[in-house]
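Look at the sequence and the fold below. This report goes through its strands, its helices, a salt bridge and a pocket.

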Amino acid sequence: MPRVVVNENFKMFHGHQPLTLEAGQVIEGSLAELLARTARKRVTVLEDEQPDTGGSSGGDQDPPTGDHGPADDDLDIDASVADVLAWVGDDRERAVAALDLEEAKDNPRSTLVKQLAKIADA
């Protein structure tokens with residue numbers, strides 16, 4: 001189960017619900033997974049021991065695979081609108097994640113919010 005520790009106080013939306021995260025707070029589950037992928041500067045991923053699944057012996061484990069590469073995992077929500085939209089592409093999940101982070105900012109960019117909302121609601 002993914003776990004992260006929040007590095008700084010911040011607010012965000014998750015599932016269109018406002019959340020207030022506080023420094024030192026440990027988050028688990030799907031929210032931790034989202035934060036680990038999209039807010040790496042604001043959280044620290046905790047490296048837990050992986051349970052033995054009867055696979056290979058020793059410490060050699062293949063990295064987890066997903067439908068995106070490591071370079072795609074880092075969203076800089078303060079990047080240009082074009083860069084954020086390029087990171088999102090047409091991925092609804094990424095649009096929701098970026099929208100949550102943008103709306104949590106003190107001054108969210110309305111043009112970006114509108115474009116992300118279109119993709120998220122598609």
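An axis here is a line fitted to C-alpha atoms, for helices over the stretch in contact, and an angle runs from 0 to 180 degrees between N-to-C directions. The model described in this report is predicted.

**Two helices in contact**

With that definition, helix α2 (residues 81-88) and helix α3 (residues 92-103) pack at an angle of about 145°. The axes of α2 and α3 are 8 Å apart. On the α2 side the contact is made by V84, W87 and V88, and on the α3 side by R94, A95 and A98. Sorted by class, this contact of α2 with α3 has five nonpolar residues, no polar residues and one charged residue.

Leaving aside residues up to four places away in sequence, L85 touches L112, Q115, L116 and I119. How far apart are L85 and I119 in sequence and in space? They are 34 residues apart in sequence, and 9.7 Å apart in space from C-alpha to C-alpha.

**The three-stranded sheet**

Strands in the order β4-β1-β5 make an open sheet with antiparallel pairing. Its edge strands are β4 (26-28) and β5 (43-45), each of which pairs on one side only. On average, neighbouring strands of this sheet are turned by 30° against each other, direction ignored.

Strand β1 (residues 3-6) pairs with β4 over three bridges, in the antiparallel sense. β1 also pairs with β5 in the antiparallel sense, again over three bridges. V5 shows both pairings: it stands opposite V26 in β4 and opposite T44 in β5.

Helix α1 (residues 30-38) lies across β1, β4 and β5. The direction of α1 is at about 110° to β4.

**The hairpin**

Strand β2 (residues 10-14) and strand β3 (residues 17-21) run antiparallel and are joined by five bridges. β2 and β3 form a hairpin with two residues between them. G15, in the turn, has a positive phi of about 65°.

| Residue | Opposite residue and its strand |
|---|---|
| R3 | E28 in β4 |
| V5 | V26 in β4 |
| V5 | T44 in β5 |
| M12 | L19 in β3 |

The structure holds six salt bridges. One of them is formed by R3 and E28, whose closest N and O atoms are 3.8 Å apart. This pair links distant parts of the chain, with R3 in strand β1 and E28 in strand β4, 25 residues apart. Why does a separation of 3.8 Å count as a salt bridge? It counts because a side-chain nitrogen of Lys or Arg has to be within 4 Å of a carboxyl oxygen of Asp or Glu. In general, side chains of opposite charge can pair when their charged atoms come close.

**A pocket**

How much space lies in the second largest pocket? The volume is about 190 Å³. One part of the lining of this pocket consists of T38, A39, R40, K41 and R42, and the lining also includes D74, L75, D76, I77, D78 and L101. By class, the lining has six charged residues, four nonpolar residues and one polar residue.

Methods
Residues numbered from 1 in each chain as written. Predicted model: local features only at pLDDT ≥ 70, side-chain atom pairs only at ≥ 80, totals over all residues. Heavy atoms only, no water. 1 Å grid on protein atoms, 1.4 Å probe; cavity = no way out; pocket = protein on both sides within 12 Å on 5 of 7 lines; lining within 4 Å. Points joined across faces, edges and corners; volume = space filled by probe spheres on them. Nonpolar A, V, L, I, M, F, W, Y, C, P; charged D, E, K, R; others polar. Pairing = 2+ DSSP bridges. Helix = DSSP H or I, 4+ residues; strand = E, 2+ residues; numbered from the N terminus. Contact = heavy atoms within 4.5 Å.
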